[in-house]
Amino acid sequence: MNNNNNTPLSNRSDGTDSGSTISSVYSSNSISSTTTSSNRSFPQQTSMPMHSDLDSSLSNNTCMPQFDQRRQIIHHLALLLHAHKCLQRERQTLINGDVHDITLQHPCTVPNCAVMRTVLQHMTKCSDFKNCSFTNCVQSRHIILHWKNCATPNCFLCGSLKKSPTVRSQNPSTKDWQKNINQDHRSHLVKKITSALLNTIQHDNNPLPPERLAVVTNYAQKTEADTYNTATSHEDYFQRLAERIYKIQKDYEEKQTLKKQQTLNTILTSIDKSAGDQGPPNRIAPQIDYSTSFLTTQIKTESDSNYHSNSTALSGSFEQHRISTDAISRLAIHSNNSNAHKDTNDNHIDITKIKTEEISSNYDTKIQSTTIVKKEEKVTTETSINGSSSSSSSSSTTSTKIKVEMISNEKPDSESTKNNQLATIDATSKSLPKYPAVFSPEDIRENMAPLVRLLCEQEEGMWFRQPVTEAMAPGYFDIIKFPMDFSTILKKLNENQYSTPFQFCEDMWLVFNNAWLFNKKTHRVYKAGIKLADMFMENVDRMMKDYGYCCGRQYVFLPPAMFCYGVSGICCTIPRDGDYFVYNNPDSSRNNMSGDKYTFCKKCFDSVKSEYILVGDDPAQTLIELPKLEFQQAKNDHQEQEPMVDCIVCSRRFHNICVLYHEHIWPEGYVCKLCVQQYNIKRKDNRYVAHKLTMTDLANALEKRVNDFLRNECDPDTGRVTIRVLAASDRVCEVKPRLKNHFGSQIPAGYPYRTKAVFAFQEIDGIDVVLFGMHVQEYDSRCPGPNARRVYISYLDSVYYFRPKEKRTALYYEILIGYLEYVKQLGIVYAHIWACPPSEGDDYIFHCHPVEQRVPKPKRLQEWYKTMLDKAIDQRVVVDYKDIMKDFTETALNKVSDIPYFEGDFWTSTIEDLLKELDTEEEDRRRFEELESVKVSDDGYFDDLMETEEPTEV
């Protein structure tokens, strides 16, 4: 490659008259240029061989309009400037010695860039400025001279390239929010607008002509510039752009619909006229999908004019039903058996294919319609969307009466109805349609304003009617960064500022969240917010579902109980809303300190009286001593909001938990149920389903029993319940040291058992939802006594998502009774159940539970188990049941070694505590006896050394 990449666009003299201006280099007609120099004309040269689609239509014209000539010159100049920059970039790369630069490995992909670079390199050596035969040399030289010498600010040829549209559109006074948007961002938005407009205009893969493409691009730049100058904020800027794009698309679709409808009417009229006195030919009625509409229209064709007027009336009724822009489909009308109809005079009328814009509805598209054409001769013609009728009849009468009926069927079986549906679109397809849901601000105001007024009228609403001031709540704005109140919401409703109902719900929840953030839980404003929030949720859910959303609620995950590293081996937890101290570990590579943070409850932290505290992963290993000053005090009250997902078709927002969406299952994004039905979209099947997990004998027995119960007691639509054993392993329940030391060989070293984790799932809206969990320990006959042939149900937990909810308790009973029946068949004689609810803030199996799901009291839980066991007795699964105290009393059990010993059971901890007390008492007694013996021995020693006192003689 030639390293000398100086081009005629570089700052050097070319030895040509500097006053030269551009004349017609593309046609014989001259173009006048209003510059300070004299006009010159140049002979026409061979057109530049550009092969791009944008220039193909221009290069083939011999006599182009003046506007097209200017546009081609501008395009030529733009390519020259681009090629000049490419050459400069390559030269700089070679100077820097970076031969592996990406620009050399991957050449420029701009069409005709390589052609223009060749022209520029040729011009550096060319000396024939007027008659050079090299392609595009003379033309490019004149264009470059104009570019370098033109002094007109608004030159129609080079002015647009000297000053970018985005720069020209800026206001002299830049607003604060505009400083955060750079030119690259604005250029990207212009491309987005252009792409959206092209997607609306281009209904096929053929590219637009260059003149139309330029018009679309200029319009996009103008739209962005106007929006940028008129917007009041960053959010308003994007909102206005979105509304403008939607309005453009909607207007264009309406014009296209009207235009195509007029074309259809014109063709139908021409057909009628060609029929003459014999009446119109046998015409197939187009099938149009009115989801739930019932349309009956009678058309009489006594004369050409009457038929024309009636067909116009029919098209008017079509236009009235076009109430939604969410669906896009096209209807094609074909001839019976050929591409042309014949009239009575053997005149061929071509109606090969007529496309009309769809008539769509916001209703459920499951209900399809079948079109039936009836004639007076009672000959029925059933048509499909692809054209030909199943039967036809010729009539010689001058008057024919046709009755078109749209009959709605919920489960159509005809082939024509199947063809009438939209083609199935895969949710992972790149051609998935994008139809953002559009709502009327007036409709939002009519529905939501009464709800806000209802809340204002409540006694608790007095706290939220007007904005909070600093005088009312000192320090309010230091905590609350986005204040909101009911009067502001009503004002925004009246001014139609809410474009979606979801925006309204966000402001309503902002009111309640601010009250809960600023006030304590015991404050009356906090309690008033809870009451109004409950009333709001009760009323808004129905309206939001009517708008296509899941609900109008705000879901949060309550803070879970945290682990406290404790002091001196004492293990405890940090309850919800409890104070604690946390140490953020900067170096996780230290020995016995691999965690990111270490937490201590306030009680354990304050119990350490020194200035240092011992921290470590394993208390049995060497602990690290840390200063207490490095710990930060915190409160376990952080609530995580439920994530939300946007439908990739309609852009509505949904709670992940409401629509059961998980990004690992559907990485392509979420498609809501409404869009799936309305646009016939097929979602990817979920491969993470419970029934694909390994089946076991226990799972099979429980699943069969439960689903038999559901078939007999519930509706057929009830989702199938799947039960699986998710974990099973052999373990040994080791006897704790004190018990082993006291009883020695009377107690075995351990009791072998098999632990199992049993979970139940229900299919809800195509997703398997876990709703029940149970942990059990099975001790078979090989286990030493007293644990032999016993089973221990250690933990049982549930969440209340089973449907129908009135059968939830009965379902749990069936699982428990089924399990007892299964282990009974294996030879198990005794079953033990831990019937004690968790402490406040604790959870057994599931990480958290819904707030509405209450934890039962101990007595209520025991009654629940007793009811289950009574049912088991009635089914002859259980013989009898009693509590542990009654069982030991009736069996006259008097030895500790005869009591069953289970892993994690209450008794295993209790016996250790009792033995510890006995050991302590024994140790105290032994010490006391040792002390007494020492004291006695000491007294005897002094008595032996004492001599009898004798009287002193005087």
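Is N136 buried or exposed? N136 is buried, since its relative accessible area is 2%. This briefing concerns a predicted model, and it covers salt bridges, helix packing, backbone features and a surface patch. The structure contains 27 salt bridges, several of which are described below.

**Backbone features**

- N136 has a positive phi of about 70 degrees, although it is not a glycine.
- The position of N136 is in the loop between helix 4 (113–123) and helix 5 (137–149).
- S651, which is not a glycine either, also has a positive phi of about 70 degrees.
- S651 lies in the loop between strand 19 (644–646) and strand 20 (653–655), and its relative accessible area of 43% makes it partly exposed.
- G785 and P786 are joined by a cis peptide bond, with omega at about 5 degrees; P786 belongs to the loop between strand 24 (767–779) and strand 25 (790–798).
- Another cis peptide bond runs from R803 to P804, where omega is near 0 degrees; P804 is placed in the loop between strand 25 and helix 23.

**Salt bridges**

- D606 and K602 form a salt bridge through their side chains, with an N to O distance of 3.0 Å.
- About one helical turn separates D606 from K602, because the two are four residues apart in helix 18 (residues 602–607).
- D606 counts as partly exposed at 36% relative accessibility, and K602 counts as partly exposed at 35%.
- E703 and R720 also form a salt bridge, in which the closest N and O atoms are 2.7 Å apart.
- This pair links distant parts of the chain, 17 residues apart: E703 is in helix 21 (residues 697–713), while R720 is in the loop between helix 21 and strand 22 (721–734).
- E703 is buried, with a relative accessible area of 8%, whereas R720 is partly exposed at 44% relative accessibility.
- A further salt bridge joins the side chains of D919 and R738, at 2.8 Å from N to O.
- The pair of D919 in helix 26 (residues 906–945) and R738 in helix 22 (residues 737–743) links distant parts of the chain, 181 residues apart.
- D919 is partly exposed at 25% relative accessibility, and R738 is partly exposed with a relative accessible area of 29%.

**Helix packing**

- Helix 13 (residues 441–457) packs with helix 15 (residues 486–494) at an angle of about 160 degrees, and their axes are 10 Å apart.
- That angle makes helix 13 roughly antiparallel to helix 15, and the crossing of helix 13 with helix 15 is left-handed.
- Helix 21, which holds E703, has an axis that comes within 9 Å of the axis of helix 23 (residues 808–825), and the two cross at roughly 140 degrees.
- Helix 21 and helix 23 are therefore oblique to each other, and their crossing is right-handed.

**Surface patch**

- Y555, I657 and Y801 make up a nonpolar patch on the surface, and their accessible area together is about 240 Å².
- Y555 sits in the loop between helix 17 (524–546) and strand 10 (556–557).
- At 31% relative accessibility, Y555 is classed as partly exposed.

Terms used. Residues numbered from 1 in each chain as written. Predicted model: local features only at pLDDT ≥ 70, side-chain atom pairs only at ≥ 80, totals over all residues. Heavy atoms only, no water. Patch = residues over 30% accessible without salt bridge, like charges linked within 9 Å, V, L, I, M, F, W, Y side chains within 5 Å. Areas by Shrake-Rupley, 256 points an atom, 1.4 Å probe, with all protein chains shown as cover. Salt bridge = Lys/Arg side-chain N within 4 Å of Asp/Glu carboxyl O. Buried < 20%, exposed > 50% of the residue type's maximum accessible area, 1.4 Å probe, protein only. Axes fitted to C-alpha atoms, helices over the stretch in contact; angles between N-to-C directions. Parallel < 35°, antiparallel > 145°, perpendicular 65-115°, else oblique. Left-handed = near helix turned anticlockwise from the far one by under 90°.
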